[in-house]
Amino acid sequence: MPRPGRPGVYEDPAVALGAAADLLAVLHARGQDGVEPAVSPSQLRALLAVEGAEGVNLRTLGDVLGSRPPSVTRLCDRLEAMGLLTRSPHPSRRREVEVRLTPQGRALLDERRAIRVRELSAVLGRMAPEAVNALVAGLEAFREAAAGAYPADDPHTDAGPSAAPAPASVPDSA
């Protein structure tokens, strides 16, 4: 909650971060409606998880997403039907299936990132340079602290290129 008499200054930094995260989710969603094919938040989370660990098996993908095997299989069925990922037998473990992004899946994530950068750049452009520098320094410190709480070998950490805003898991609004 804001401190009385000091607009925009929060007593609890976690509350301020939560408010910023809400705004980031809105900014991130802006402009995504025109991206084809349209994907749900859970489908996007799966694509991001696969991007961060190409060749991941379905069991590990389920662990990352916090989903049960039948749900992961149905999710992958839909994404494969949309042409965004492929499943294939593991080269040395016949009972295991690998999941990989297709070029179309990679292009979809790239397009979403470009939209996100455009939206965030518009807001950053309205900030004073010192404020942008302070924000970047704070975010770097936050990322380092989150990395200590969620080591890279933790299956719930998104280690892919979009890891910066997602310290604990693949976000719903990524």
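## Stop one: two helices

Select helix 2 (residues 41-52) together with helix 4 (residues 69-81): they pack at an angle of about 85°, with their axes 10 Å apart. Helix 2 is therefore roughly perpendicular to helix 4. That label covers angles of 65 to 115 degrees, while under 35 degrees counts as roughly parallel, over 145 as roughly antiparallel and the rest as oblique. The axes are lines fitted to C-alpha atoms, for helices over the stretch in contact, and the angles run from 0 to 180 degrees between N-to-C directions. Now show side chains: Ser42, Gln43, Ala46 and Leu47 in helix 2 meet Leu75, Arg78 and Leu79 in helix 4. Contact here means heavy atoms within 4.5 Å.

A word on what you are viewing: this is a predicted model, in which local features need pLDDT of at least 70 and side-chain atom pairs count only at pLDDT 80 or more, while totals for chains, interfaces and linings use all residues. Residues are numbered from 1 along each chain as its sequence is written, and side-chain values use heavy atoms, with hydrogens and water left out.

## Stop two: the whole chain

Zoom out and colour by secondary structure. The protein chain has six helices and five strands, running β-β-α-α-β-α-α-β-β-α-α from the N terminus on. Helices (H or I, at least four residues) and strands (E, at least two) are DSSP runs, numbered from the N terminus. Of the 174 residues, 29% count as buried; buried means under 20% relative accessible area, exposed over 50%, and partly exposed in between (1.4 Å probe, protein chains only).

Next, select the three strands that form an open sheet in the order 3-5-4, with antiparallel pairing. Strand 3 (56-57) and strand 4 (85-89) are the edge strands, each pairing on one side only. Two strands pair if DSSP finds at least two bridges between them. Strand 3 and strand 5 (residues 97-101) pair over two bridges, and valine 56 has valine 99 in strand 5 as its bridge partner.

## Stop four: asparagine 57

Stay in strand 3 and pick asparagine 57. Is this residue buried or exposed? Asparagine 57 is buried, at a relative accessible area of 11%. A polar atom of its side chain lies 2.7 Å from the backbone nitrogen of threonine 60. The side chain of asparagine 57 also makes a polar contact with that of glutamate 96 (3.3 Å). A polar contact is a pair of N or O atoms within 3.5 Å; within protein, one must be able to donate a hydrogen and the other to accept it, and residues adjacent in sequence count only if both atoms are side-chain atoms.

Glutamate 96 is buried at 19%, whereas arginine 93 is partly exposed at 44%.
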